[in-house]
Amino acid sequence: MGDIMNDVKVVFEPYGKRVKASVGELVFSIAEKAGVAIRSECGGRGVCGKCKVIILDQNAISKLSDIEMNHLTSSEIISGYRLACQTRVLKNVVVAVPPESIMQPPKLMILGFERDVKLSPVVRKLHLLLPEPTLSDIRPDFERLLESAQERFKDFGGLDIDYDVLKMLPEILRRSHWDITLVMWDRRIIGVEPGDTSDRIFGLALDIGTSKIVGHLVDLKSGRTIAVASIENPQAVYGEDIITRITHASKGDANLKELQRLAVDGINKVLHEVCENSGVDPFNVYEVMIVGNTAMHHFFFGIQPKYVAQSPYVPALRKAVSVKAKDLGVDAYPCGIVTSLPIVAGFVGADAVADVIATGMHELSENSILIDIGTNTEVFVGNRDYLLCCSCASGPAFEGAHIKHGMRAVTGAIEKVHIDNNFDVKYETIGGVKPLGVCGSAVIDVIAEMFKHGIIDANGRINSQIESPRIRASNEGLEFVIAWKDETATGREITVTQKDIREFQLAKAAIYSACSILMKKRGLSEEKIDFLFIAGAFGNYINPENAKVIGLIPDVTSEKIRFVGNTAVAGAKMALISKEMRNAAEQLVEKIRYHELAADPNFNQEFINALNIPHRFIGRFPSIRKHLKSFR
Ligand code: FES
């Protein structure tokens, strides 16, 4: 009876979805349970302001909070706009999800550049027919199995067996009438399956990113990816950035356990999705190869990460870790193995090692730069002799967070922008639909185009003297209109504000300074760079010329620039299917020299110089200097 009294009905429009909820429940969680995907860049913490919904019956919901007042304009408040993550239901209510808050399918960069590698997975299967024991052959079960295996393959001598498998061995052998398939991880037997199952052998390559988890299900017989899935990292409820999450985890074991649970839940979601999409039983996934930044790695393995965030930023270990799936709660084959690639330093994790492996820059005699753009950006410079690397905090601006109309690269995001001499704007959206907002690549275009047309100066300041209706004052200072309200899916204008430009300047200055410092330390000028690899969730959509115009990347010729996508998951896959690649990763971390930017005496000055567009010293960008006159 009590339950009925505390239940309310919530209807989500335009879906017409009706669900029951408890009085006091957040609209955001009710929507999640109902399968109504509402946009969120902050995991429901009231930070991003993207989870707007319209609720006309204000008596049916909690009072407007200060957080909502900060994110909503007065006209939105009058029209019934609320933040789903801050609003609690009190009575039966209708919640309308406006177009800008509907989560769109991502155009995520979930594939990455992969090199061909020789197929040699650590997980192998072997079908065996064992002779039954008799009074004249009383060899114990395990030795009988080993000898049969060794008759087939000489290198199968001295195999070890997992304790859980050993306990079941006598029963399995007899129930299967001595017709079995051995599952081996390296030199350990991790499974004995009845009959011939040798055609069913799969692995999962996973990139656990700060904002999303991407997984590739791989057929270990062919080395082919057969399904791909990606979800938002559920840990986002405890902070958008890793430092906030580390701070939370440092406050006690229960917090760390919760973050670990969320990571495992996320991984299981990806695992089940790829398995469902490809008709594979998760029990036939025998190895999960994970990569992620050092904090994600520590969270996932339940290792206290607080020292990663405290000077001198030391991780718990460097070498690869391998743990049984069931011990971590991963829903793959229970005695299967979850392995991570090794890590380099507190802020250069296994994902960065995977990036290097995927590009192969550590094998090249030519010089390369690799930039993996994310909330934390990792930079590598060098060649097969040795690589220098560092990490810099570039913030979430490239992923659309902290940008007024920013959004991820999903359907409806403006991804390319061109401004003509009359300040008219041409843009393209992902999916060719009416625009909802701008993603990182479009903001790079807008800033570059504004600079070329003199709408902003080298300091990034918008020129208020220019006469154009697109340049106007708002509550938050000057802004530039990219799309008028009659063009957009939201019925509201999409702009880039002065604050957005500042946010981007900080991010690009951090990335450029990191590249510049490593190049100097390695004794390499731009001309000596043969390849510039750009990795990351949205790498492929960046216009390389515009990236140089704003001074995001060093001024190397565009033919040398390679967009390599999500190389972290590609590198994880290569290590999953190739023992040689895995060994190469172990050797690689010994050869990488980590440079701590926080301790570099030149970093601050480099950073300040790089805040200008493209740079305080234009001589660093000769290809842009050449065009400066034609720009304005
Ligand atoms: S999800 Fe509500 S403010 Fe970010």
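Tutor: Start with the sheet ordered β22-β23-β24. This is a predicted model. The sheet is open, has 3 strands, and its pairing is antiparallel.

Student: What makes β22 and β24 stand at the edges?

Tutor: Count partners. β22 (471-474) and β24 (494-497) each have a single partner strand, so one side of each is left without a neighbour in the sheet.

Student: How do you know that β23 and β24 pair?

Tutor: Pairing needs at least two bridges between the strands. β23 (residues 477-483) and β24 have 4 bridges, in the antiparallel sense. Because at least two are needed, they count as paired. Within β24, threonine 495 stands opposite valine 481.

Student: Now β16. Why is strand β16 called largely enclosed?

Tutor: Look at burial. Buried means under 20% relative accessible area. In β16 (residues 368-373), 6 of the 6 residues are buried, so the rest of the structure largely encloses the strand. Ser368, Leu370 and Asp372 point one way, while Ile369, Ile371 and Ile373 point the other way; all are buried.

Student: What joins β16 to β17?

Tutor: A hairpin does, through 2 residues. The two strands run antiparallel, with 5 bridges between β16 and β17 (residues 376-382). Isoleucine 371 stands opposite valine 379 in β17.

Student: In which sense do β16 and β25 pair?

Tutor: In the parallel sense, over 6 bridges, with β25 covering residues 531-536. Isoleucine 369 has leucine 532 of β25 as its bridge partner.

Student: On to the rings. How many aromatic pairs does the structure hold?

Tutor: It holds 8.

Student: Why is the pair of tyrosine 286 and tyrosine 333 called tilted?

Tutor: Check distance, then angle. Centres must lie within 6.5 Å; planes under 30 degrees apart are stacked, over 60 edge-to-face, and the rest tilted. Here the centres are 5.0 Å apart and the planes are at 55°, so the pair is tilted.

Student: What parts does this pair tie together?

Tutor: Tyrosine 286 lies in strand β13 (residues 285-292), and tyrosine 333 in the loop between α10 (325-328) and β15 (337-340), so the pair ties together parts that are 47 residues apart in sequence. Phe283, Tyr286 and Tyr333 form one aromatic cluster.

Student: Last one. Which residues have the most contacts inside the largest nonpolar core?

Tutor: Leu145, Ile180, Leu182, Ile189, Val192 and Phe380, in a core of 68 residues. Another core lies apart from it, with 66 residues, among them Ile373 and Leu518.

Technical notes. Residues are numbered from 1 along each chain as its sequence is written. This is a predicted model: local features need pLDDT of at least 70, side-chain atom pairs count only at pLDDT 80 or more; totals for chains, interfaces and linings use all residues. Side-chain values use heavy atoms; hydrogens and water are left out. Rings of Phe, Tyr and Trp (its six-membered ring) pair if their centres lie within 6.5 Å; planes under 30 degrees apart count as stacked, over 60 as edge-to-face and the rest as tilted. A nonpolar core is a set of buried Ala, Val, Leu, Ile, Met, Phe, Trp, Tyr and Cys residues joined through side-chain atoms within 4.5 Å. Buried means under 20% relative accessible area, exposed over 50%, partly exposed in between (1.4 Å probe, protein chains only).
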